[in-house]
Every structure is written in structure tokens, then in C-alpha cells.
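Visitor: I am new to this structure. Could you take me through a single part of it, step by step?

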Amino acid sequence: MLTEQFVAAISASTKPNTGVTKDAGIFVHEYQPLAAQRHVFKKSAAAPNGIAVSSSHIFAAQSDKAIVHVYSREKGNQEAIVPFPERIHSIALAAQDTVLLLGTESGRVLAWEICSGRLVSTSTAHLQPVTCIVVDPSSNYFLSGSSDAMIHVWALPSILSFSPDTSRTPVHTLSTHRGPISSIVCGHSSSTANIAVSISGDKSAIVWDYHNGQALRTYLLQETPTAVALDPADRAFYVAYGDGSLQTIDFYDEVQRTTSIDLLREASSSHRPIQPSPKTRFNAESQKLGGALSLSLSWDGTTLISGHASGKIATWDIAKSNYLSTLTNFPGPVSNLQFLAPTGFPNPREPTFKIQTIVKPKHDAGLTSSGNGLVPSNYTLSMQFTGRLRSPHVSATDGRSTKKSLFEEALTHPSFPAGMLEESLAELETWGAASKGNSAPAADFMALAQDDNANASSSSTSAAEVKDLKKQLASLQRIQKVTFSQLSELREEKEYFMSQEKKRAERTKTRAKKKLGLTNGAKPSRADEDVQMNDSDGASSESESDDIDA
Amino acid sequence: MASSTAELATLRALTFRISSTPTSQLPQHVPAIAASLTNCRTLLSSTQSSGAKASSSEASVAIHKFRTLLSTLLQDRTIQGRWSAIVLIKASVEVGGWETLQKCLPWVRGLLGFLTKPDPPASKKLCIITLTRIFLLTREYPTLIREITTPSLPTFVQSSLQIASSRVPASVLQTILESFSRLLPRHPTIFRSYLKQLMPLLERLVAPTPSSKLSREQEPEAKFGITSEVTAAARQLYVQIPCCAPKGASSEDWGKALKTAISNAHRTADRVFRAVLEDWQSTTRETSTLNGHTLDDEVQDLEIVNKGLPPWSGIYAGSERLTSLLLLVKGYLESPTANSVYLNIGTIMDLITRMLSLTVPASSGKSFQNTVRLNSQVSKEEREHLWMLLPDVHVAAIEVLLTLSSRSLESTLALDSLIIDQVVWVFGAEKDNAHVRTACYLIIATVLERSGRTLPKSTIDSLVPISRTCCEDLLPFEVSAGPAKQTPGQAKASGNSQPQTTANADTFLNSFPKGINDPTANFAGLKGAAHNLLPVLLTNIRAQYISDSLRARLDRAAIISQHKDAMLASVLNPPPSKKFGKPAASILPLMARSFPLDKDVEGVLRPRMPVIRLGGQDLEMEDEAEEEANEEEDESEDMVADTEVEQEYMEREDESFVGHELDTLLESAGPPKTLVKDFAMRNATTLDGVGSTPSSQNQSVPEPTQFIDTGKRSIYNEATLSPSKRVKIDQEEQRTAQPVQPLPTLAAAPKSYFTATDTASVVPELPQPGAAELGDADSDMDDIVPLVFGQDTDDESE
């Protein structure tokens, strides 16, 4: 059964502590099938865009502090507190959750490889704190937004590269916004046609083609947006506002439906700001939710959940644009909300490695870059390898087949693979034939084997034994000859007597016939034989005659 | 119960068949019996203790009889009987579950006894597999491990080792090694006590040097037939031996073992590479002292390195050893580890850098790579041998890289530019070797998939030779293209240009080489790697970094080899349009010609518009009950409407192409729409008795927003009022559009991608008068459907 969970983090505990949830800061909450709280991680106060969740860990940048809390999801405890030289305003995971990107107060972005502890810093490209970081699905690019209204696009591999001449500067700078960037979401494509949507304090949302650094579409919103979420198929985005209301902004709405197919890339409309209809906004004033601070979209893309200043988490039906329910009520403003991919698929793809424990950043290990562009000798990854990799031998002549070996195939086969059975059967046949050829009446194979063993062990005496056996054989043959001759004599004798007897019988018969012939005239001699036969098996002939009658 | 009685009958029949057949003929029956045994799964795995009912007691009797029969067979005096027992035990253990496993201790004993008897090797193989399977199946049940596995495993290991040390066929040896490598990680403590016997065996097998010049007497052990599979199995087991280390030390041991393998490889390389002075400088170890000294006249390593691998002699043996050691490093990366380990990427990359930095010098002196410094103390012959052997070493090194990247995935993003540099270097020197080419294609594809989009132009330029060769390897026509062109005046041309090089009479006979003149036709691995690389090149490199000529070459290769993935990749990553001149061509029409039936082509050609429900904000005003009734109606109607919806999407596209505003259409076409709606909803309204449905639906028509150009609207109103005119416009559009549609040639395709799509979607149908309205009505209803579906599925999942 599939299980869908989300992670929520509160920025500060505002309510009086009550019972179990004392100083709890991060909540793992099950959304489906049963809406209930599953895990709690304590002592965290995360600012917006301040948590990052991997399959093994949760990272939480603490608001107003220069530390990141690391929680282990498996053990359910706080694994480490990692200090940094300056305050961290936003974090995000990249490269299959092995690199943590941290946006700092001074406007730099730090990249921390959590397997190796290597820490790389970018140039101070932003003038003010980096408020949000998003990573694109291929982990090749990430975008950082700052209070200085700028968005920078960075190439992650070149930042991580060991080569000394890589520039750790942004690839593109997106500078159309006029207010602080509050949040960015990235599209779900890993091709170069991907988009990103940013919202800003200047009451606008801009859709970007960040690969080329172009603004595709500008939306003028009625109020200052606080959070943004993007449809799984990149068809629309959802914006949350400070008054607790949400808005659907559809890329394929009435206005744009009339343009060409790839609406976003229509050049003529990229400079024309669009004011989405206020009708697409929806709210639930009766619920007293407070301002919406965070937004996340369920896996199937049909339900939106929003975290509010009152600590409530509300679910919304996107299609109907209405409020569904309040899932739970947390003891502080919900600053972060993140749906996790559902778990429980029958055949999940096994990861190739697991990160048991993180390696804290080493600031001075000489790992940043080496002079010659080679990998430093102390560059070490700490990970557990899981699962066997199948990487067949590279050969130009044979295709690369990742087939199981015969042994593995046989091991999990319901009985044995047909090929293996046939091979073995064939061998069994020849084996049996060979053993039969050695000794004809060898029904008992074991005894023979033991005899063989004995012969082998006493090789010195074997010659003598052979002689003995030959002698025995010769004598036996002699006896046999004698018996055979006796037998033949006896047989001859018997035959002689038999013939004598026959002759006598025939003589008496002919005599009797002669008498009969005198009385009945000529009668064929066959009748006698018939009579004789009837004597011997009368019943059968009777039945035969019955059959003929019928 | 019916199924269980059937199973009971099957089991009885099987039991009878086994007992009635003479044992000498039994093997022929066994495969069929084993196959039908799978039908008795529930019966054999059911618990027999709860046997109150008559049927269940019958079942337990049958099962007991079957098991006893197998036990008797196992003790049989003929090999046929025992062979049958092995196969049947395996089959019944597979289906039997816990119930059968629990009772299989006597079987295990019997099977273990078997390993010591002189039976045919293939039966031994089956026996080992069966035992391994039983041991593996018990791992989920601690009681069974305690009762069955733990007591019998030592005997198993002992007798298997005895078999392995005697002269056995390679297949049996391989089976034993593979069985061990399955069992060792799960029972490290049991195997720990046998390591002393195991290690010498493995050390002979992991890095064999069959062409060693040492005579047989000099070697410690007699050789027996070692196949590459046995070596691979031995390697797989060898790298798992650190698991046996006492608790806590296993990850340390793993690191040490990997380090030993790497340093052994360096040590071997010191000797094998002695003919040259390497440019490589280690980042991890001090350079060897070997080069300064006087050299032996033979490349060899006679010492037994720290209790390890046997000695070797001769450069061929040396390269075999080096390759095996590289593959051993690969083995460490392939196999899972018991717990977290420290993988020192630095030393691995150091070794690979060393291997890849030494390349075969180009024969012509022009190449910039011809910078190998030679060691004058070494004979020319040895140097030439080295050149011959280097490609194999490089392939092995690239294999290590491939495994490293499939193990660490994106966590080693930092290495990618380094890897590309080195591979390009090797490729430049050794691209004539098909194996090196294959390996280079594979690793380049892997790296590009990971981080190709961020590569700078300079790196992409360095990949151009690889891309070109990739195309050449894919295209069999490339070679024969030259002569084919010459056909008109061939005799003369060839007479002039090729002044009687060789008198190959065959070339004159078949002037038109029909048979594809492809030197790499039978190189499946090379073809596969090139085939795999082509779509990656077209997808993961930014289109603006590929030169026009290379792009044409890649497209050509994709088209001629009818490589759908590559063609699709080319279409999805269109070349950038130039500011001046013609817009860049797309190979979309060619793909449409080649694969008209494929779904992904269909998706590109006629995209269904991704629809998020439109105009839903007004639905809140509607009556809930009524809406639900409508939803039900819609669901039933959805099947019918589906096709119409599709048409509607297409029409929407072509309308947009024409430049019409759909909203105005909606508004202006109000009355007919209502009619259609009413017709569609008749059932719903009669059911509910609510007559207001049409009007309330009508309200939900979205208001035109403020951006709509009024001038346009007036034009369009005319168009909608006279549908025939609209059709005419569409048809005209088609007529103008179709001739422009690019022909399936590369040269003449000055058409942008989106226009091509539009024309394609216009072609299928002409809009009927009123069809658009009908479609729209449906779309409004269809808008509700997805959300109904969504909720329904939610309900089901709960």
C-alpha cells in the first residue's frame, strides 16, 4: 500500500507548550491513507525555505542562527549540529541528496557534500541574504533568490569541480523583479525546456526560461505572495497570500489559450504582463487560518496543502478551488511544508548507496580545489553500498547484457532452468552408460564404487588378484564346458527316446487306421487330428462355433 | 476449497507417478513433475497442525507421503534416484514456504552427504544450488537458521572447499564460488574460520596470468582450467571477504583491502610500464624507485607480495595481472558492503589517471600527443608489446570509471570534467581500437547524461571527434559512399586516381557493392555503445554548442540508422534558429514518416493539451446536489465524449493557428451551445427534475477578460456566425500550409518545429459546422470529470 507523507516545520513555538509536542519543531505527518502525525523532531525553529528532506536525513537551517540541525530519519534523533561562519537563510538538497546548498547572509551560496565533508563556496554574487534556493531535476543547475531582487542561475558541476580554473560565478542573472524574492519553484523537466517561477515582494510572479536567462511571462498579482507551488505537469502554479487565500494561475487559461501551443514561449507575450483574474483566488475565511506561509502539492497534483501563521495546515481541492479540511494544528507558524514522494511501491528502485551518517564540513582540508585539477588524495566518500551492481565486461564484440548468471537464475527458479536440467540429464545418461560398460550387472553402484576404491588403494596386490581371478575364471569355464557337454548328451538321449516313442505311437495309429478303413471306407486322416484338438481345448472351439452361429 | 482438493489430487498423482516409475527412468519424468509441483503451492505451504477436518488430515497424509518419498529417493542407491531427489527437493522448497523448510533438516543432511560422494559434477552443481537456496530461504526465520543453517553450514563449506581444491570442472568451481559469495555476507562468523583455506584458492583465481613465462614447476600450485566466469566469481567473493572481519572492523578492512588492490596495481604498473618514463605524478604515493635502477632483462614480479598473488613473468602476464587488478577494484565498487565504508575516490582516480595518461604514441609524428618519453634501457620489442597491450588496460580502467559512476551516481559530479578530459585523451590516441572506442562511448554517455547540459563550449568541442566516430560506427554506408558516387565514370576515375595499388579483381566485378561494406557489422558491443551514445549526444548537449556540420551528421546518423530515440531527441532539442537566414530544420517529418504508429511520436506530433480545469470558480455557485447528478452523468458520457474531447483539443490548436479567440467563440455561440448541452444532459435533468441546469451551466461560461482585443472579436464574430466561411478559412490555411511542409529530405526543411506540428494537427479533420461548439460543451463537462476521477481514486486507495 502506498503511503504519502509530508514534512512541516514551524518557525517558532508560539503557543504554550502542551504535553507531547513540547519543543517539537519538525513534524512528519502522514497524509494518506491515514492522516496522522508520524514523527517529531525536536528543537528546531526553521525560517521559510529552511528545511531540506532527503531519504535518510532532515536538514533544518535555524532562523537567526548560524547553525544547521541534522536529524536522522531512520533513528529519529538529532544526529548533528553543524555550525557555519554565518547565518543560513535557505537550504536545498541537490545531486541525489548528496550535496546541501546553503544560502548565506552575506549573499554567497555554500555547497556542502555531505558524504565527503567538502565545502565549496561561490562568489558573493548576491548583495543581500539568499532567501531561497531551488535545484532543477537534473541537479545541473540551481537558482538562488535574494532580498536584493536578483535571481542567479548556477551550474552545480562547475561549482563542485576540482579544476582550479572553473569560475564559481552565476551562469545567468535574472533581474526583472523589483522586490525581494520570497520563493522560487522549478519546473519538472530535466531538459533545457524547463521553467522556473519566482514570486517577489513587488507583487509579481515571473515565469523564467532559466537555461537561457529569459523572462517568459509576468503575472501581476493583487497582493504580496508568500509561497508558491507548481503543478506536477507544469500546467499551472499556485500562489499563497498573507491573508490566507490561495490562487490558481493557469498557464492555459482563457487569455493564453489562443496563442500557439507552447504558450509560455510565445515571444510576443513575454513583455506583456498579465493580470490573472481575481476569480481564480479562493479563501476560507470562516476557518481563521491566518496568513498562508507555505504551500505544497500532493503527489497526484489534485490537492494543495497550505501552512498558516496560526499553525494550521489546510487542504484544498484544486479542481473545485475550495477548502477541504484542516489536517492538523501545529504549535507555531508553519514556515515550511514539503510533500514527500509516496513510499510503498511494490518494486521500488533500490538506491545504489545509503548515507548512514553525514560528514561534517571540513573547512580547511584542501578539498576545495587542487592546483593541478586532479582529485585530492584525501577525497573520501562515506557511504554504504547497497545492492549488487551489474556492469558487464566492456567488449566491442559482445553486446552488453546485464543478464543474471546461470547460478543466480537457477537459485531463484521454481525448480531448475531447463538448460541446466538437460545438461545434467545428458551427463547422467553418459555417466550411467560408462559405469554399465565397466561392469554389466552393476545394479548396485555403490558397492561397485567401493570395490573400485579398494582396487585403487591396493594397487600392488591387484596384479596377483587379477591372476587369481583369471585362474578362477578358467576353472569355471572348464566346469562350464563339462556341464555343457553333459547337458548336450542328456538332450541327445532324450531326443532319441522321444523319437522312439513317436515311431511307436505312429505305428499303433496306422494299425488302428487300417482297421477303421476296413470298416468305414476311405476317411481322411485329418478327422483324427480334429478330434484330438477338440480334446485338448474344447471350450474355446465351442465358443467360436457359437460366435459363428450368432 | 475446490482449488485445494485439486491440489491434493495433483500431489497424490505426483506421488504415485514418482513411486510407480522405476528409479532408473525417473530422471526423464522429473522435469515435468517439478513443473507441476508449483501447482501445489498452497497445499505444501499450509499448516498441517490444525487438522480437525477430514480433508485436512487427508492432505497432511498426502504431504507426509510425498516428503517421505523424497527422503527415500534421497537415500536411493542409484544416481538417478538421488538426482531426482535433488531436483524435487529444490522444487518443493521453492513452493513450500516455512512449512516445508521447517521439515527439511533430514534433506539437508542427505544433500550434504552427497557432496562427498563421487557423483557426476552436474548433479553436484544442482546439489550445491539446492543447499544454497535452502540456506538463503531460512534467513527470514531465526529459528530455522538456528536449527538448519547454522549446524549444517560448516559441513557445507568444508566439503565444498574440498571439491574446489580437487580437480573439478570449471562450472562446479564457479557454482561453489557464487554460492559462497551469496552466503558469506550473511554468515560471516562461520566463514571466518575457513578463510585460511579459502584465501589461497581465491588468490590463485582472482588475478590469473595464463601467459606467464614461469614454468609450471616454479609455480606453487598446479593450474587448472580457469574460465573468465570463474575469475569473475572469485573476484566477487574475494571483495566480500572483509565482511568476515570481527564486528566493527569490517569497514576498515574493506578500505584496507581496496587500498591493497590499488597499490598492487601500481606495483604491477611500475614493472609493466617500465619501457616509458611516465608523466604521471601521484597525488597519493611516492613514485616508485624502480626506474632508476638497472633493469632485469624480463618484466617480472617474482616476489609474493604480502601473502598475496602468485608471481608472474613476461609483459603479457604483467598486463593480464594489471587488468585483473583493475577489475578487482571494480569488484570492490560493485558489491554491496555490510555497513558504511570510506571510499577513497582520491586514490582510485589517481590510479585511473595513471592508467589513462599513458597512451600509445601516434605513428605519425605530427600528433601533439606524441610526447611519450621512452626509457632507453628497455628493448624496442618490449616497448612495442606494451603499445599492443595498453588498450586492454585502458578498457579495464574505463570499466572502473563506469562502475564508479553507476555506484556513486551524482555524488561524484565533481569528477565529470576530469573524466571527460582523460577519456578524450585516450580516445585521441587509440580510437582505432574497437574496444577502446566502445568503452569511450559508454563512459561519455554516462557522464553526459549526468552533467552534459552544463558543460562549456570548449569541452563540447573536445567531444567532436568522439561524436563523429560514433556516427561512423553507426552508419554502415559511410565507407562505401565514396565508391558508390563514382559509379558513372568509375573505370576512368579509378584508373586515374588510384594508380594500380592492388589488383583486386573483385572490385571490378561487382561495381555496385550491394552487400553493406561495414567493417564493424558484427561488433555488437560497439554498435550497442554507439547506438546508446547517439541520443545522449542529441539530448544532453546544448544545441547551440553543436556546430551545424556535426548536427547534420548526428541527425543523418539517427535517420539512416532508423534510431527512434535519437530522432526524438533531435526533435526535442531543436537547433537554435539563427538571427539571420533560414530557420533551422527539424527532422520531425522524417520521424513521422518512419514511426507513424509510435506513441511518443504521436505525443510530439499531436500533443493533447494539458488541461487544468478551467472556469471552475463559478461552480461553487452551483447547487451541490445537481452538480453531483451531473457528475454521474458525465462519467457515463465520458466514454462517448472522449473522442470528441480529443478532436476538440486539436481544433483548439488549429483555431489558435488561425488566430481566432476561443472565448469570443464561447460567448457568441451561446444559444447553440445551450441546445447541445441540453441534449447531452437530458437524462440528468429528467432524473433530477431540475430544469435550471442549462441556464446555470450557461453562467459558467468564462467571461472574456480585459485583454481581449475588441477589433479581433468583431472579425471573429463574423467568422463564427457563418461557419462555412470558417471552414473555408481553415481549408485555405491548410492549402497554404501543406506545400510548405518539409519533404523528407534534410536539405529542404526550412520550417520551424512548431509550424510543422500545427500543419500536422490540421490535416486529420476539417471542422464541421458546429463541431467546435459541441466540443466546447463537452469540454465544460469534461472539466468536472478529472476531479471526480481524482477523488474516486483517493477513495479506493484508502
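Guide: Here is a close look at one sheet in chain A, with a word on confidence. This is a predicted model: local features need pLDDT of at least 70, side-chain atom pairs count only at pLDDT 80 or more, and totals for chains, interfaces and linings use all residues. Residues are numbered from 1 along each chain as its sequence is written, chains are lettered from A and ligands numbered from 1 in the order in which they are written, and side-chain values use heavy atoms, with hydrogens and water left out.

Start with the sheet. In chain A, 4 strands form an open sheet. Their order is 4-5-6-7, and the pairing is antiparallel. Strands here are DSSP runs of E, at least two residues, numbered from the N terminus. Two strands pair if DSSP finds at least two bridges between them.

Now the edges. Strand 4 (46-53) and strand 7 (77-83) of chain A each have a single partner strand, so one side of each has no neighbour in the sheet. On average, neighbouring strands of this sheet are turned by 20 degrees against each other, direction ignored. The axes behind that angle are lines fitted to C-alpha atoms.

Go inside. Strand 5 (residues 57-62) and strand 6 (residues 67-72) of chain A run antiparallel, joined by 5 bridges. One pairing can be named: A:His57 has A:Ser72, in strand 6, as its bridge partner.

Last, confidence. pLDDT is the predictor's confidence in each residue, from 0 to 100. Chain A has a mean pLDDT of 82, and 82% of its residues reach 70 or more.

Methods. Axes are lines fitted to C-alpha atoms, for helices over the stretch in contact, and angles run from 0 to 180 degrees between N-to-C directions.
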